[in-house]
Amino acid sequence: MTVRIVVIDGQTLNPGDLSWDPLRELGEVTLYDRTEPRDVMERLSDAAAVFTNKVPFDAGRLAALPALRYIGVTATGYNIIDTAAAGARGVTVTNVPTYGTDTVAQHTIALMLELARNTAAHAQAVAQGGWNEASGWCLPVGPVVELSGKTLGMVGFGRIGLATARIAQAMGMRVIAFTPSRTPIDPSSGVSVSYAGLDTVFAEADVLSLHCPLTPETHHVVNAERLGTMKRSAFVVNTSRGALIDSHALAAALRAGAIAGAAVDVLEHEPPAMDEPLLAAPRCVITGHVAWYAREARQRLMDQAVENLRGYLAGRAVNVVSSPG
């Protein structure tokens, strides 16, 4: 029996530079780049398997799709799925836990370097003719900071944190991290990290970088009180989850010069409204949730998503995040 597979919002994963052919080997595939909420039920009415990136599946939606047996989340986070309701209905839900470690770590470092070196501002000044009109051979237009010898303070220390620490250490940075687990670091990783309390990480960091999941405990872990304990020369970087930061508090700290700069790839509300406070904050670099977006990472994500479904169909499901019914 041919499996009916629907990709409900495939454009983010694959804007056209990857191939869906491996998925087509597993069944009859219908592809939608994006799907409006009003069209979800019609498009999934007889689907046995669905791949979703941002389209949510709550208990009500699951109950209205009796043919659905499998949901493949094309991401690591799966909070868009009511996994308990899915398990109760016998719907298997899988995610892709590891695909973007290196690309997110590299984007984190790129944001750190932009804050430290002001590369975009210097390049823009040259493009606007500033160097042609300069009285000397050098055209500095903003502060330039050397990161070697500085302290990278990390909140959270999983795979991406470890990869980020490895690069930072190669640049001569000292690395400290807060993580509740305090898991011993494999000596073969070549990374030297000192675990510390959360207050210590905020107080000692020259660069504070967030690498933790969003939980009730980490929601707005960067807030006005903790920002007030940081060095005035410090930077804040976030490539994890937007709601880890109280954006109003961070914008206020930037306006007051309480810290030297911030760079974020994620915001609490995406896409942001025009009144998002960080959009108008000084010394704030914002990229549009693209840390994960390298083609190589998306290829790994697609490959594993397909393998997740292949395993499920063969009776050996992997990366399952739903509870058994």
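**Figure 1. β7 and β8 at one end of a seven-strand sheet in a predicted model.** Strands β7 (174–178) and β8 (194–195) run parallel, and 2 bridges join them (two strands pair if DSSP finds at least two bridges between them). Here, alanine 177 sits opposite tyrosine 195 of β8. Helix α5 (residues 101–117) packs on the sheet, where it touches β6 (151–155), β9 (207–210), β10 (235–238), β11 and β12, and its direction makes about 155° with that of β10. Helix α7 (residues 159–170) also packs on the sheet, touching β6 and β7, with its direction at about 180° to that of β6. Touching, or contact, means heavy atoms within 4.5 Å; angles run from 0 to 180 degrees between N-to-C directions, on axes that are lines fitted to C-alpha atoms, for helices over the stretch in contact. Helices (H or I, at least four residues) and strands (E, at least two) are DSSP runs, numbered from the N terminus.

Residues are numbered from 1 along each chain as its sequence is written, and side-chain values use heavy atoms, with hydrogens and water left out.

**Figure 2. Strand order in the seven-strand sheet.** Read across, the open sheet goes β8-β7-β6-β9-β10-β11-β12, with parallel pairing. β8 and β12 are the edge strands, and each pairs on one side only.

**Figure 3. The five-strand sheet.** A parallel, open sheet is built in the order β2-β1-β3-β4-β5. On average, neighbouring strands here are turned by 15° against each other, direction ignored. β1 (residues 4–7) pairs with β2 in the parallel sense over 4 bridges, and isoleucine 5 stands opposite valine 29 in β2. Lying across β1, β3, β4 (70–73) and β5 is α11, which runs at about 160° to β4.

**Figure 4. β3, covered on both faces.** Which residues of β3 are buried on each side? Ala49 and Phe51 are buried on one side, and Val50 and Thr52 on the other (buried means under 20% relative accessible area, exposed over 50%, partly exposed in between, with a 1.4 Å probe and protein chains only). In a regular strand the side chains alternate between the two faces of the sheet. β3 runs parallel to β1, joined by 3 bridges, and phenylalanine 51 is the bridge partner of valine 7. β3 also runs parallel to β4, this time with 4 bridges; threonine 52 stands opposite valine 73 there.

**Figure 5. The largest cavity.** This one holds about 80 Å³ of space. A cavity is a set of points on a 1 Å grid over the protein atoms alone where a 1.4 Å probe fits but cannot get out, and lining residues have an atom within 4 Å of a point. Grid points are joined across faces, edges and corners, and a volume is the space filled by probe spheres set on the points. Of its 13 lining residues, Val7, Leu13, Trp20, Phe51 and Thr74 lie nearest the centre. β3 (49–52) and α11 (295–313) each supply at least two lining residues, and α11 gives the most, with 3 residues. The lining counts 8 nonpolar, 4 polar and 1 charged residues (Ala, Val, Leu, Ile, Met, Phe, Trp, Tyr, Cys and Pro count as nonpolar, Asp, Glu, Lys and Arg as charged, and the others, Gly among them, as polar).

**Figure 6. The second largest cavity.**

Figure 7. Most residues other than glycine have a negative phi, and most peptide bonds are trans. Glutamate 270 and proline 271 are joined by a cis peptide bond, with omega about -10°; proline 271 is in the loop between β11 (261–264) and β12 (284–286). Arginine 182, in the loop between β7 and β8, has a positive phi near 45° and is partly exposed at a relative accessible area of 45%. Histidine 289, in the loop between β12 and α11, has a positive phi near 55° and is partly exposed too, at 29% relative accessibility.

Methods. This is a predicted model: local features need pLDDT of at least 70, side-chain atom pairs count only at pLDDT 80 or more; totals for chains, interfaces and linings use all residues. On a 1 Å grid over the protein atoms alone, a cavity is a set of points where a 1.4 Å probe fits but cannot get out, and a pocket is an open set with protein on both sides within 12 Å along at least five of seven lines; lining residues have an atom within 4 Å of a point.
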